Amino acid sequence: MQTNLKQNKTPDAGYLANLAHNFRKSWGQNFLRYCEDAGNLVDKIELADNMAVLEIGVGGGALTAALLNRNVTVYAYEIDKTLETFLNLRFAESLERGRLHLSFTDALAADWTQLFAQFEKVAVVSNLPYSLTRELINKIYRELGEKIGILALMLQKEAINRLLCPPPGRTNYQAKLYGLQAVITQMLFRSAERYKISRQAFFPVPHVDNEFLIMTTAKTGEEKSDIYFPRQNSMRDQNLWLYFIDFLQTAFQNRRKQIRNCFSTLPNEQLSAILLKAGLPLTVRAEELTPQQLWQIACELFEAKNG
């Protein structure tokens with residue numbers, strides 16, 4: 001039955017044209033094989049008309065082609081320059097019409113804060129390279145923050161569990177998974193859906209099955225998850241947002257330390273006073289704090305620093 005289903009699918013042009021491609025494991029290159037698979041994944045995403053979409057890792061272009069069937073503008077990155085001629089030919093019309101902007105550079109070197117400055121919301125839809133998943137998600141969160149309207153990523157189960165780890169006090173909380181990415185996910189998104197994808201949907205066939213994770217943020221006037229964040233300390237303040245990301249990175253890099261001992265550049269008594277004001281014990285660690293508590297501590301420190 002499974003074989004018949006595969007035969008009834010249409011092989012993607014990028015898969016057929018690159019069967020002899022030198023796939024780089026360090027870049028996590030696994031191309032989607034079938035047009036229907038890419039189309040079905042994109043159909044699950046509620047993309048608004050004229051929305052800006054960021055795609056990282058174009059590969060053979062199956063997901064890109066499916067996105068271009070929607071009324072969106074795609075900003076795509078592909079590090080493998082040996083695919084440049086093929087992709088430029090495949091998407092020549094979309095490139096000429098300005099519906100696709102294709103950059104053959106390292107996505108980690110891009111400046112997405114500047115690129116998407118004019119957009120209210122951005123959808124990130126990508127089959128992320130396995131080896132760079134953590135770095136790329138950190139960069140997405142750091143540079144786009146509240147601009148993210150949709151985050152739809154092909155990921156390994158481990159990476160998804162790290163993103164969706166609930167905060168302390170909730171069912172299924174795991175201290176070893178709870179970190180920067182889990183905190184930001186809780187802050188930004190109101191819903192998450194995950195879909196299993198067989199490893200046979202890719203070429204070369206990866207060693208593990210993947211899942212497609214789709215997360216959406218709150219719509220205008222709607223509650224952002226179940227966490228209240230004081231609006232006087234808006235996440236739209238870029239300087240505060242970057243400070244908060246750096247605060248989380250330092251706090252969770254030293255997760256076994258008491259949080260007041262994590263920051264060598266901050267007076268211990270300053271952090272102690274903030275913790276006492278929040279009704280928290282001085283011995284508390286970052287992994288024991290909810291996103292709301294971490295956000296409020298960071299806001300207090302930011303305001304003290306900037307007067």
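**View 1. The packing of helices H12 and H13 in the predicted model.** In this predicted model, residues Gln270, Leu271, Ile274, Leu275 and Lys277 of helix H12 meet Ile297, Glu300, Leu301 and Ala304 of helix H13. Helix H12 covers residues 268-277 and helix H13 covers residues 291-306, and the two pack at an angle of about 135° with their axes 10 Å apart. That angle makes H12 oblique to H13, and the crossing of the two helices is right-handed.

View 2. Seven strands form an open sheet in the order E4-E3-E2-E5-E6-E9-E7, and their pairing is mixed. Strand E4 (100-103) and strand E7 (189-197) stand at the edges with a single partner strand each, so that one side of each is left without a neighbour in the sheet. From one strand to the next, the twist averages 15°.

**View 3. Strand E9 between its two partners.** Strands of a sheet pair through backbone hydrogen bonds, in either the parallel or the antiparallel sense. Here E6 and E9 run antiparallel and are joined by seven bridges, with alanine 152 standing opposite isoleucine 214 in E9. The pairing of E7 with E9 is also antiparallel and extends over eight bridges, and in E9 leucine 213 stands opposite arginine 194. Eight of the eight residues of E9 are buried, so this strand is largely enclosed by the rest of the structure. Asn210, Phe212, Ile214 and Thr216 point one way from E9, whereas Glu211, Leu213, Met215 and Thr217 point the other way, and all are buried.

**View 4. Helix H10 against the sheet and against helix H8.** Helix H10 (residues 180-188) packs on the sheet, where it touches strand E6 (148-156), E7 and strand E9 (210-217), and its direction makes about 120° with that of E7. Helix H10 also packs with helix H8 (residues 133-144), at an angle of about 40° and with the axes 11 Å apart; the two helices are therefore oblique to each other, and H8 passes H10 in a left-handed crossing. From H8, the residues Arg134, Ile137, Asn138 and Tyr141 meet Leu180, Gln181, Ile184, Thr185 and Leu188 of H10.

**View 5. The surroundings of threonine 185.** Threonine 185 has its place in helix H10 and is buried, with a relative accessible area of 5%. The side chain of threonine 185 reaches the backbone oxygen of glutamine 181 at 2.7 Å. Leaving aside residues up to four places away in sequence, threonine 185 touches Tyr141, Leu163, Leu164 and Met215. Of these contacts, Tyr141 is also among the H8 residues that meet H10, while Met215 is one of the buried residues of E9.

**View 6. The loop between helices H9 and H10.** Tyrosine 173 lies in the loop between helix H9 (157-164) and H10, and at 25% relative accessibility this tyrosine counts as partly exposed. Apart from residues up to four places away in sequence, tyrosine 173 touches Cys165, Pro166, Pro167, Pro168, Tyr178, Glu287 and Glu288. A polar atom of the tyrosine 173 side chain lies 2.4 Å from the backbone oxygen of glutamate 287. Asparagine 172 is placed in the loop between H9 and H10 as well, and counts as exposed at 61% relative accessibility; its phi is near 75°, a positive value in a residue other than glycine.

**View 7. Loop residues elsewhere in the chain.** Asparagine 50 has its place in the loop between helix H3 (35-43) and strand E2 (51-56), where its phi is near 65°, a positive value in a residue other than glycine, and it is exposed, with a relative accessible area of 59%. Asparagine 69 lies in the loop between helix H4 (62-68) and E3, and counts as exposed at 67% relative accessibility. Between asparagine 69 and alanine 152 the separation is 83 residues in sequence and 17 Å in space, taken from C-alpha to C-alpha. Proline 204 is found in the loop between strand E8 (202-203) and E9, and the peptide bond that leads from phenylalanine 203 to proline 204 is cis, with omega near -10°.

Notes
Residues numbered from 1 in each chain as written. Predicted model: local features only at pLDDT ≥ 70, side-chain atom pairs only at ≥ 80, totals over all residues. Heavy atoms only, no water. Pairing = 2+ DSSP bridges. Helix = DSSP H or I, 4+ residues; strand = E, 2+ residues; numbered from the N terminus. Axes fitted to C-alpha atoms, helices over the stretch in contact; angles between N-to-C directions. Contact = heavy atoms within 4.5 Å. Buried < 20%, exposed > 50% of the residue type's maximum accessible area, 1.4 Å probe, protein only. Polar contact = N/O pair within 3.5 Å; in protein donor to acceptor, adjacent residues only side chain to side chain. Parallel < 35°, antiparallel > 145°, perpendicular 65-115°, else oblique. Left-handed = near helix turned anticlockwise from the far one by under 90°.
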